[in-house]
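Student: I would like to learn how to read a model of this kind, feature by feature. Could we take the general idea each time and then the case at hand?

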Amino acid sequence: MPLLPLLPIFHRLNREHFDGTLAVNGQPLSCVRWSDGRMSRTAGFYRRGPGIGASRGSEIVLSRPLLEPLPQEATESTLCHEMIHAWVDLVLRTRESHGPRFRARMEAINAAQDRFQVSVRHRYPVPVRPLRWWAVCPSCGSRYPYRRRISNAACRKCCDQHHAGRWHRSCVLQFESAV
Ligand SMILES: [Zn+2]
Ligand SMILES: [Zn+2]
């Protein structure tokens, strides 16, 4: 699934589950954005501090590498989870992480709809080591995932098919960054 624009989802969740309190004059209280390609340990986070979120003072960041391959409901549930953190912090002005206010709002949202479920922990498959490279065969176009670059590795399929199983320069894999 391609990357979704987050703001329309944010505004809809804000209307449906936070009484519109997470935006003022159509502007979200927190900056909301996708991560770069490296954030692969957690599906999302909320944080507040000076200078954070294009000087808005807080931001919600969702993991592009973890959520991009999953159905839209995973993005909605993760965004909603982080919006509860923002709501507890910015609207209720309470210092708690997954405390009683967080859980009460989470349960209310889960009971109010069945499009997605918010959980305390983001339960998505987190790769132990993220994929870093695609090796691309210039001859047949096959793509192979690699964790690190290997110089002079050739496409086995092409070597077998066209070069009697011997290494050949014409099918040396070219590495493209996957992050
Ligand atoms: Zn959380
Ligand atoms: Zn090939």
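This is a predicted model: local features need pLDDT of at least 70, side-chain atom pairs count only at pLDDT 80 or more; totals for chains, interfaces and linings use all residues.

Student: Where does C159 sit, and which residues does C159 touch?

Tutor: C159 belongs to helix α5 (residues 156-162); helices (H or I, at least four residues) and strands (E, at least two) are DSSP runs, numbered from the N terminus. Contact requires C-beta atoms, placed from the backbone, within 7 Å, and, not counting residues up to four places away in sequence, C159 touches A154, G165, R166, W167, H168 and C171. The C-alpha atoms of C159 and S170, eleven residues apart along the chain, are separated by 9.0 Å.

Student: How should I read the pairing of β6 and β7?

Tutor: Strands of a sheet pair through backbone hydrogen bonds, either parallel or antiparallel. Two strands count as paired if DSSP finds at least two bridges between them; here strand β6 (residues 133-136) and strand β7 (residues 143-146) are antiparallel over four bridges. V136 stands opposite R143 in β7, and in the hairpin, with six residues between the strands, G141 takes a positive phi near 85°.

Student: What describes the packing of α3 and α4?

Tutor: Two packed helices are described by the angle between their axes and the distance between the axes. Axes are lines fitted to C-alpha atoms, for helices over the stretch in contact, and angles run from 0 to 180 degrees between N-to-C directions. Helix α3 (residues 72-91) and helix α4 (residues 100-112) pack at about 135°, with their axes 10 Å apart. That angle makes α3 oblique to α4, since under 35 degrees counts as roughly parallel, over 145 as roughly antiparallel, 65 to 115 as roughly perpendicular and the rest as oblique.

Student: Which residues of α3 and α4 meet?

Tutor: C80, I84, W87 and V88 in α3 meet R101, F102, R105, M106 and I109 in α4.

Methods. Residues are numbered from 1 along each chain as its sequence is written. Chains are lettered from A and ligands numbered from 1 in the order in which they are written. Two residues are in contact if their C-beta atoms, placed from the backbone, lie within 7 Å.
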